[in-house]
Amino acid sequence: PLIERLQRSHLPVVLMADGAPGLPSIIADDWDGARQVAQYLHDKGHRRVVYRAINRYHAAGVRRRDGFHAAAQALGLTTTFLKADYAPWQPEELALLSRENPHRATAVVCWCDEWADATVSSCHAHGLRVPHDVAVIGFNGVEPEQTPLLRRTSIRIPWREVGRLAVEQLMQQLAGETPAMETVMPVSLIAGDTA
C-alpha cells in the first residue's frame, strides 16, 4: 500500500535495494552476484549446494535465487533450494549436510549475510567445521555488529555509493529533473574464511 501511495504522490522518492514500477530505484546487480557465487564454489570444487532462500517475497531475494539457479545449472552444480527462516535449521537441511550422507552438500549459500552468520553458528553447534566440512557464503557485504571468529565470504554491494546516488537523485527531483528509473550497482565477491 505504501508503494502505491508513493506512485500516486508527487513526493520526491528513490527506492533502494528493491524497485517498483514508476519510481526511481537503485538496486544491486543481484543476478551477477549470484553468478559470481556459483562460479566461486565451482572453482573451489563444490558440486552439491544448499541455497537458503527467504520464505516470503523479496525482489532482491528472488533475483539472487534465480540468478544462482541459472548459474548453478550452467556449471553443473546440484542445488537444493530451501525456503527458510533465519534460524533454526530445518531437519531437511541437517540431513543434506550430515557427514553420514554420501551425497551431502558441501556448501550453503544464504540470501543475505545475517543468515550466513547464523548458518556458521549452526554449523559449529552441529559439529560441522567451516569451511572444512561446509563452506558458507552470504550476500550484501554488511559488516557484522561483533567481530566474528571467521571473516565471512560474501557478495559486497557498495551501500555507501547507493546512498550517495539516492541523495543525488532526490536532489535532481527537487530541482525539477527526472532521474533514471533504475540504476543497477555492480557487486563484487569478497573471499573470506567461510568459503
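This is a predicted model: local features need pLDDT of at least 70, side-chain atom pairs count only at pLDDT 80 or more; totals for chains, interfaces and linings use all residues.
**Close-up 1. Helix α6 at the second largest pocket.** Helix α6 covers residues 159-174. Strand β7, made up of residues 153-156, joins α6 in supplying at least two residues each to this lining.

**Close-up 2. The space and centre of the second largest pocket.** Here you can look into a pocket with a volume of about 320 Å³. Its lining is made of 17 residues, and the ones closest to the centre are Gly141, Val142, Glu143, Arg152 and Ile190. Sorted by class, the lining of this second largest pocket holds eight nonpolar residues, six charged ones and three polar ones.

**Close-up 3. The space and centre of the largest pocket.** Now we move to the largest pocket, which holds about 580 Å³ of space. A total of 30 residues line this pocket, and Asp113, Glu114, Asp117, Pro144 and Arg152 sit closest to its centre. Look out for Arg152, which is also among the residues closest to the centre of the second largest pocket.

**Close-up 4. Helices α3 and α5 at the largest pocket.** Two helices to find in this view are α3, residues 59-75, and α5, residues 113-125; each brings at least two residues to the lining of the largest pocket. The top contributor is α5, with six residues.

Close-up 5. In the lining of the largest pocket, 13 residues are nonpolar, 10 are charged and seven are polar. Among the charged ones, you can pick out Asp113, Glu114, Asp117 and Arg152 close to the centre.

Notes:
Residues are numbered from 1 along each chain as its sequence is written. Side-chain values use heavy atoms; hydrogens and water are left out. On a 1 Å grid over the protein atoms alone, a cavity is a set of points where a 1.4 Å probe fits but cannot get out, and a pocket is an open set with protein on both sides within 12 Å along at least five of seven lines; lining residues have an atom within 4 Å of a point. Grid points are joined across faces, edges and corners, and a volume is the space filled by probe spheres set on the points. Helices (H or I, at least four residues) and strands (E, at least two) are DSSP runs, numbered from the N terminus.
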